[in-house]
Amino acid sequence: MSAKWLTLLGSTGSIGQSTLEVIAQRSDYQIYALTAHQNMELLFDQCQRFRPRYAVLGSKLLAESLALRLDANGLQTSVLFGEQALVDVASDSDVTHVMAAIVGGAGLASSFAAANNGKTVFLANKEALVMAGSLLMDAVDRSGATLLPVDSEHNAIFQCLGQSSEVGREVRRILLTGSGGPFLERSLSELEHVTPAEACRHPNWVMGQKISIDSATMMNKGLELIEACWLFDVAPQKIEFVIHPQSIVHSMVEFQDASVIAQLGQPDMKTPIAHVLAFPDRMEAGVSGLDFSQLSALEFRSPDFAQFPLLALARTVAEGHQSLAIAFNAANEVAVDAFLAEEIPFLGIQRIIATVVAQAPQPELNTIEDVLTLDRVCRTMAEGALHIDG
Ligand code: NAD
Ligand code: MG
């Protein structure tokens, strides 16, 4: 088997750490680069264990101290820093595979670079597709890259589609499931004063902070709707949200003949990660199987759009100009940071997103630079809206 050289963007995050756990069982992947923003300690440990050619950090200061520690321990890893370094290790010609697991718009440039340079891209960084779906999918087509979805629902849909060659004609509906997050049973008025700690406490999944808040607002499902439209080239009208509190069915596809195919498994990201790493084969993921004698009931219901208005807004965004999706994502990132810093209440998140989406300019978006420029404009608008809210 020929060696695969993997760059793991965001190796210190929740997806990054799970990826390293799974990859430790394989001998065909060699690590080209590991990247982190600030967690130098964990990146050092990962370098000791996985011996990458490169390690990337967010600042020169951190990079210099990591380089000193690696050197003192006799490790050959070269240390780089900054945004261009992320793009470089995602596009270097020796790299064959890239796991894109940076959180948020910060991952766009490097995810795009991997797609644009013909890599096999394992995509966890859903925000990149939300912000620049058309440019990213065009880059995949042009460069001959392979894009495999890591997000559990999209990985499930990908598995359910199987050999389906004409998704547009053969698929009647995609059923995008979501647990409903920690606040499924709360009324809207009860949500005004929930704390960041409560919002981060997801009933089924252990994840990074930002996606945990996105799950509590159900923004995550909204982002996933847009992600699915791009990945599977389907109109938003073909995708339905289904609340499934147990997180056992990870999504379903209904075909023209009314057959419904579902993918089931534990709520553990190591399963979709193992799926993409081994694709088209299968591998041991280190995840226990489902015990059907213990699974009492699997429930399914429609979401309450009044309780989670971001679901309805996501549909409008998915059907509109790409700039709406950029505004939707940028405002969310600013608002989630402000909520985590206890500067705005929980429901402020959805108010800020709605305000920015309503006011966002709609320029032509021909390049990633155009996308990033509009992203910056929308972030500034969201920062302005924080004070109105507070
Ligand atoms: P996380 O917060 O745990 O980790 C984020 C990683 O990105 C870290 O390695 C961090 O160092 C890096 N990072 C953060 N800001 C950065 C910046 N400005 N520049 C460079 N690197 C930066 O996040 P996560 O939960 O692992 O999520 C990663 C991505 O995967 C997100 O897009 C998320 O939506 C998606 N995803 C996560 C899960 C999950 O279960 N955690 C499931 C599906 C999809
Ligand atoms: Mg998901």
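## Basis of the model

In this predicted model, local features require pLDDT of at least 70 and side-chain atom pairs count only at pLDDT 80 or more, whereas totals for chains, interfaces and linings use all residues. Residues are numbered from 1 along each chain as its sequence is written, chains are lettered from A and ligands numbered from 1 in the order in which they are written, and side-chain values use heavy atoms, with hydrogens and water left out.

## Domain arrangement

Contact (heavy atoms within 4.5 Å) involves 19 residues of domain 1 and 28 residues of domain 2.

About 2,000 Å² is buried between domain 1 and domain 2, with carbon and sulfur atoms giving 71%; buried area is the accessible area (1.4 Å probe) that two parts lose on being put together, summed over both. Of the area that domain 1 buries against domain 2, Lys 126, Val 130 and Pro 149 supply 34%, more than any other three residues.

## Polar features of the interface

Two salt bridges are found across the interface of domain 1 and domain 2, each defined by a side-chain nitrogen of Lys or Arg within 4 Å of a carboxyl oxygen of Asp or Glu. Lys 126 forms a salt bridge with Glu 224, with 2.9 Å between the closest N and O atoms.

Asn 220, in helix H11 (residues 219-232), has its side chain joined to that of Lys 126 by a polar contact of 2.6 Å. A polar contact is a pair of N or O atoms within 3.5 Å; within protein, one must be able to donate a hydrogen and the other to accept it, and residues adjacent in sequence count only if both atoms are side-chain atoms. Helices are DSSP runs (H or I, at least four residues), numbered from the N terminus. Asn 220 is buried at 6% relative accessibility, where buried means under 20% relative accessible area (1.4 Å probe, protein chains only).

## Surroundings of Ala 330

Ala 330 belongs to helix H14 (residues 322-340) and is buried, with a relative accessible area of 0%. Not counting residues up to four places away in sequence, Ala 330 touches Asp 375, Cys 378 and Arg 379. The C-alpha atoms of Ala 330 and Leu 372 are separated by 10.0 Å, although these residues are 42 residues apart along the chain.

Conventions: Helix = DSSP H or I, 4+ residues; strand = E, 2+ residues; numbered from the N terminus. Buried < 20%, exposed > 50% of the residue type's maximum accessible area, 1.4 Å probe, protein only.
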